[in-house]
Amino acid sequence: MERNNTTVVCLAIFLLLLVDFPSPANSQSDSCSSQLSVGNLIPSYTASFHCFSAWNSEGFILRYAQSGQNLWSFVLSAPDAGSYISIGFSRDGGMDGSSAVAGWITSNGPGIVKRYYLGGKSSSECPPDQGSLQLVANNSLIVSQSSRLYLAFQLSTSQPAPYLIYAVGPSNSIPSSDYYLSTHQNQASASINYATGVVSDAGSRGFPARRWHGLLTMLGWGVLMPAGVIMARYFKHLDPLWFYSHISIQGIGFVLGLVGIIAGFNLDDDLRNADSHQAIGICVVVCGSLQVMAFLVRPDKSSKIRRYWNWYHHYVGRAAIASAVANIFLGLSVAHEDGSWTVGYVIFLVVLVIASLLLEVKGRMKKDDLQREF
């Protein structure tokens, strides 16, 4: 009898634990099917929200709604790991050059919400209270409920940028009093159609426009154009193959570079040194266009002005390529691209210079041999 009473007491305590003390997994749960009343949690947010699982591995849930003309409301939900959570808005899917909203709960209780400009991957390049996001004043907050953080804010814009970038800070580490964020522990991204609510999987965005811009200009102006110059200078003994190879390589390079530069005009221009990069790019296009026109009106070989045309063609073309190469390195710096891009292009240039020197020496030796024969 005493054993049965003990069993009943233990069962009762177990049931009380289940009822009164939810497990950590349950306390951190949130989903779009839970029908969370955002209005009860955050009184000023009463619109009907779209909802989707933004980042499965980190438990991020995003709710958003167009609350009025040029007014958008967002509520980002994530497990409270004693760190900051953030959401960025990007035009091309890249982090650098975009803007973000981050929030965290301080050790003494109040929540802090700040906007940031994402100028690079280091903490010092992401200053607080900067960026292109127009936050509605006095309408941003972060609260903690059932071991989850709810970051709520409103943007004043006709439509937010179509790429979202999520980040979470190191566990049990909140920003210091200067509000600079420590390097995120993890990051993901997604594209979104705000009208339909259709989103891509987190972290599975396509090749960003900035990369297309850099790849096309590097391939066109930085690789094919120099290769075309080498063909014209060192292979004239293969006539007329050198001529058709030269104009074909230069033509393809010019088109690729032009498309890449046009794509660059659609990118954000608020990056450091972006204006200089753009100005040099325009000069390169102008010089390239002049080269195309010069080719179309080139004088006959027997013409007296052919010599001057050759000088113009050679030096303007070389100046355009030199400017393009310099601008490629400037663009890699502006975009804060991974160092592997710079290293790879430097290796290509080194190989190109060595090949040019070998061909130059070979050509001079052959010329000296011919002079000795006569």
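**Briefing: a nonpolar surface patch and its setting**

Ile282 is partly exposed, with a relative accessible area of 39%, where partly exposed lies between buried (under 20%) and exposed (over 50%), judged with a 1.4 Å probe and protein chains only. The model is predicted, so that local features need pLDDT of at least 70 and side-chain atom pairs count only at pLDDT 80 or more, whereas totals for chains, interfaces and linings use all residues. Residues are numbered from 1 along each chain as its sequence is written, and side-chain values use heavy atoms, leaving out hydrogens and water.

**The patch**
- Ile282 lies in helix H6, helices being DSSP runs of H or I with at least four residues and strands runs of E with at least two, numbered from the N terminus.
- On the surface, Ile262, Phe265, Ile282, Val286, Leu290, Met293 and Tyr312 form a nonpolar patch with about 610 Å² of accessible area together.
- Helix H6, residues 274-296, gives the most to this patch, with four residues.

**The chain as a whole**
- The secondary structure comes to eight helices and eleven strands, and buried residues make up 37% of the 374 residues.
- Of the contacts (heavy atoms within 4.5 Å) with a separation of 6 or more, 62% are between residues 24 or more positions apart.

**Confidence**
- The mean pLDDT, the predictor's confidence in each residue from 0 to 100, is 81 for the protein chain, and 82% of its residues reach 70 or more.
- Over residues 1-27 the pLDDT is below 50, and this stretch has five contacts in the model beyond near neighbours in sequence.

Terms used:
Patches are made of residues with over 30% relative accessible area and no salt bridge: like charges are joined within 9 Å, nonpolar side chains (Val, Leu, Ile, Met, Phe, Trp, Tyr) within 5 Å. Accessible areas come from the Shrake-Rupley method with a 1.4 Å probe; for residues, only the protein chains shown count as cover. A salt bridge is a side-chain nitrogen of Lys or Arg within 4 Å of a carboxyl oxygen of Asp or Glu.
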